[in-house]
Amino acid sequence: MTEQTPVTEAKAVKVPALPDAQTVTEVQHYTDRLFRFRCTRPASLRFRSGEFVMIGLMGDPHPETGKQKPLLRAYSIASPSWDEEMEFYSIKVEDGPLTSKLQHIKPGDEVILRPKPVGTLVHDALIPGKRIWFFATGTGFAPFASLLREPQTYEDYDEVIITHTCRTVGELTYGRELIEALKNDELLNEVIGEGFWKKIKYYPTTTREESAKMGRITDLINSGEAYADLGVAPLNPESDRAMICGNLAFNLELKDMLEKAGLEEGANSKPAQYVVEKAFLD
Ligand code: A2P
């Protein structure tokens with residue numbers, strides 16, 4: 001009998017090629033301007049739904065030294081705090097330093113994820129209320145994709161109104177699919193109760209392509225059309241809380257409207273009636 005050499009299986013441990021590397025698990029493209037991806041979550045990373053982190057890739061090698069530096073941008077985490085993985089929703093800009101490369105990632109690739117979450121679009125920055133408004137344009141939907149999947153949103157509020165203004169119908173797809181999927185969300189149905197999703201009022205609008213509801217949300221609110229369509233009372237500082245996330249002009253205009261309606265801006269250190277954050281732009 002010959003003695004057999006014990007065979008030790010090579011452990012499938014992947015050595016990260018990047019600092020703070022996470023592995024991409026899923027990529028979905030919506031339009032030539034938008035995509036989402038999921039990646040592994042660092043075991044030690046805790047965050048509050050609505051926060052953002054810095055993510056990115058290694059930049060091109062320096063022409064003389066050959067050294068590479070990480071190319072990072074702030075991205076809202078689109079997945080909720082309880083999710084095992086991380087999700088991000090991104091714009092693609094042809095000559096954008098990061099997104100021109102990021103848009104080509106595939107499952108198995110690595111991205112850099114700095115595990116230091118921060119942000120103001122969190123429940124802790126708001127005082128209690130009855131109704132919460134999430135106002136988004138474009139990729140500004142991302143933090144709300146997290147908050148809409150967060151049980152606390154439905155524990156804290158009787159009504160959740162999410163408005164999303166985009167240029168085209170295709171740009172609404174990520175948000176629309178996410179909201180439809182909430183009906184079958186096992187965790188939320190179990191924790192909050194079946195039919196929790198009936199608390200949500202979804203108000204998608206487009207500005208540059210024909211759809212069921214056209215116009216900027218700011219104009220639709222100012223004219224009273226949005227209230228009439230939704231069948232809700234106008235903004236009121238007693239009962240309403242709001243979070244804003246979109247392009248800069250939109251944020252400023254809506255902030256002004258909320259202030260005029262009597263709502264005050266809150267922060268982690270001083271909770272109040274609304275909070276605002278700029279959506280990522282490459
Ligand atoms: P519009 O097409 O009229 O500019 P973007 O893709 O440029 O970030 O814009 C996303 C959406 O936000 C677009 O539908 C755009 O409308 C809308 N938007 C831009 N600025 C404002 C603003 N000041 N108030 C309301 N909506 C805005």
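Phe144 touches Phe134, Ala136, Ile162 and Cys245, leaving aside residues up to four places away in sequence; contact here requires C-beta atoms, placed from the backbone, within 7 Å. The model is a predicted one, in which local features need pLDDT of at least 70, side-chain atom pairs count only at pLDDT 80 or more, and totals for chains, interfaces and linings use all residues. Residues are numbered from 1 along each chain as its sequence is written.

Phe144 is also, with Phe134 and Ala242, among the residues with the most contacts inside the largest nonpolar core, which has 64 residues. Such a core is a set of buried Ala, Val, Leu, Ile, Met, Phe, Trp, Tyr and Cys residues joined through C-beta atoms within 7 Å. A residue is buried if 20 or more other C-beta atoms lie within 10 Å of its own, exposed if 12 or fewer, and partly exposed in between. Strand E7 (residues 131-137) supplies the largest share of this core, five residues. Helices (H or I, at least four residues) and strands (E, at least two) are DSSP runs, numbered from the N terminus.

Helix H4 (residues 173-182) has the buried residues Tyr174, Gly175 and Leu178. Seen down the axis of H4, these fall within an arc of 95 degrees, so they line one face of the helix; the arc is that of the directions from the helix axis to the C-beta atoms. The face turned away from the buried side of H4 carries the exposed residues Glu177 and Glu180. Against the buried residues of H4 pack strand E2 (34-40), E5, helix H2 (142-147), strand E8 (159-166) and strand E9 (200-206).

Definitions and conventions
Two residues are in contact if their C-beta atoms, placed from the backbone, lie within 7 Å.
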